[in-house]
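I opened the model and kept short notes on what I looked up. The entries follow in the order I made them.

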Amino acid sequence: MLAWCAIMFGLGIIAFLDSLFNYGEIFRRVNSVLFLLVSLGLLVRTSMKIKLRYIENLQAKLQELEAMTGQNTHTSDLQGQPKKQPVA
């Protein structure tokens, strides 16, 4: 997926340069700026998904290791959410 996004981004750059220097003869029917923005959006989305998956894998590995050692930590601690305090 990341390779296809990079290929689309490269084609977007070529289409943009074609519209600037060659008056759009090669990519006449394709709006080069729209093509470039769509491919850039796909690149950003794919990279964010890769980062999120890496973080999820680290959290799963941490929970697995805690289960092996016998420690009991709630997932709210991992996500930075405060624990609820009892009302007196």
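Entry 1, leucine 40. I looked up leucine 40 and found it in helix α2. Helices here are DSSP runs of H or I with at least four residues, strands are runs of E with at least two, and both are numbered from the N terminus. Leucine 40 counts as partly exposed because its relative accessible area is 37%. The cut-offs are under 20% for buried and over 50% for exposed, with partly exposed in between (1.4 Å probe, protein chains only). I then took the C-alpha distance from leucine 40 to cysteine 5, which is 7.7 Å for two residues 35 apart along the chain.

Residues are numbered from 1 along each chain as its sequence is written, and side-chain values use heavy atoms, with hydrogens and water left out.

The score pLDDT is the predictor's confidence in each residue, from 0 to 100. Which element has the lowest mean pLDDT? Helix α3 (residues 75-78) does, at 53, while α2 has the highest, at 87. Where pLDDT is low, the predicted coordinates should not be read in detail.

I counted three helices and zero strands, in the order α-α-α from the N terminus. Of the 88 residues, 11% are buried. The chain exposes about 7,600 Å², and carbon and sulfur atoms supply 64% of that area. Accessible areas come from the Shrake-Rupley method with a 1.4 Å probe, and for residues only the protein chains shown count as cover. I also looked at contacts, meaning heavy atoms within 4.5 Å. Among contacts with a separation of 6 or more, 44% join residues 24 or more positions apart.

Leucine 42 is in helix α2 and counts as partly exposed because its relative accessibility is 26%. Leaving out residues up to four places away in sequence, leucine 42 touches Cys5 and Met8. Its C-alpha atom is 6.1 Å from that of cysteine 5, 37 residues away along the chain. Is threonine 46 buried or exposed? Threonine 46, also placed in helix α2, is buried because its relative accessibility is 11%.

I found a nonpolar surface patch with about 910 Å² of accessible area together, including Phe21, Leu37 and Leu40. The elements that give two or more residues to it are α1 (2-21) and α2 (32-69). Patches are made of residues with over 30% relative accessible area and no salt bridge; like charges are joined within 9 Å, and nonpolar side chains (Val, Leu, Ile, Met, Phe, Trp, Tyr) within 5 Å. A salt bridge is a side-chain nitrogen of Lys or Arg within 4 Å of a carboxyl oxygen of Asp or Glu.

Phenylalanine 21 sits in helix α1 and is exposed because its relative accessibility is 67%. Leucine 37 belongs to helix α2 and is exposed because its relative accessible area is 53%. From leucine 37 to glycine 12, 25 residues apart in sequence, I read 8.1 Å C-alpha to C-alpha.

Note on methods:
Predicted model: local features only at pLDDT ≥ 70, side-chain atom pairs only at ≥ 80, totals over all residues.
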